[in-house]
Each structure stands twice: as structure tokens, then as C-alpha cells.
Amino acid sequence: LLALMVASVATSPVAAADKADLHCIAIFSMLASEMPEEKAGMTGAIMFYIGRIEGRGSGLDLDRNLSAAVEELVASDKAVEAEAKRCGNEMVVKGEAIQRIGNSVAADGAQQSGK
């Protein structure tokens, strides 16, 4: 029974959203090793994608599935380029949202102190 359970976990499909996020973790991990001066930013992006996966509550084994995601990406240069663009665009959108939130909080703080 235990062998069957282990086999089913090992072969269970990864949800599309988790797979996309695993690809982003792989991309930002590769970039962090290639550009050590950008490691802090890449680490933030990696944490964002790990949080998304964990937030879905899928119980995904990050280590095992991340290795598979890296293998998939490395097998195709086009996949690396496409995923890097997609993940980078997602980070730009999130960065802009964070900037808007920061600006709003700063404006609210200025109004509160001006009363």
C-alpha cells in the first residue's frame, strides 16, 4: 500500500498554475546565479512564486517538482526565453501595483499629518 501511495505521489500531475509558478522560480533562480548583483530582487521574486504555490494549498513537493521544471526549461531555449518574458512581465505588473499601494499609503499619511 505504501509503495502505491508513493508511486501515485511521484506521478501525480502538477496543476497548470503550479507548473507556471515553478517555471518562474526556476527562471529567477537561474538569473540569480548568473547575476549575483541582482540576487536580492530575484530572491523576492522567488519568494512571491513560492507563496503563490503554498497559498493554493496543493501540498506540492517544491524540491522534486522544481527539479523537473528546470529540466523542462533547460531542454528548450525557446521555453526559457518565453517563460522569462512571461515571469518578468508578471513581476513588472506586481511591482507597479506595489508602487501604487505605496504611493496611496504615503498620500494618506500626508493627509493625516496635515489635519
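**A buried glutamate and a helix crossing**

Start with Glu83, which lies in helix H5, residues 77–114. Helices here are DSSP runs of H or I with at least four residues, numbered from the N terminus. This is a predicted model, in which local features need pLDDT of at least 70, side-chain atom pairs count only at pLDDT 80 or more, and totals for chains, interfaces and linings use all residues. Residues are numbered from 1 along each chain as its sequence is written, and side-chain values use heavy atoms, with hydrogens and water left out.

Is Glu83 buried or exposed? Glu83 counts as buried because its relative accessibility is 14%, and buried means under 20% relative accessible area with a 1.4 Å probe, protein chains only. Leaving aside neighbours within four places in sequence, Glu83 is in contact with Ala20, His23, Ile27 and Leu73; contact means heavy atoms within 4.5 Å.

Next, the helix pair. The axes of H2 (residues 16–34) and H4 (residues 62–74) come within 9 Å and cross at roughly 75°. Axes are lines fitted to C-alpha atoms, for helices over the stretch in contact, and angles run from 0 to 180 degrees between N-to-C directions. H2 is therefore roughly perpendicular to H4, a label for angles of 65 to 115 degrees. Residues making this contact include His23 and Ile27 of H2 and Leu73 of H4.

Leu22 of H2 also takes part in that contact. Setting aside neighbours within four places in sequence, Leu22 touches Val14, Ile53, Leu60, Leu62, Asn65, Leu66 and Ala69.

Methods:
Helices (H or I, at least four residues) and strands (E, at least two) are DSSP runs, numbered from the N terminus. Angles under 35 degrees count as roughly parallel, over 145 as roughly antiparallel, 65 to 115 as roughly perpendicular and the rest as oblique. Buried means under 20% relative accessible area, exposed over 50%, partly exposed in between (1.4 Å probe, protein chains only).
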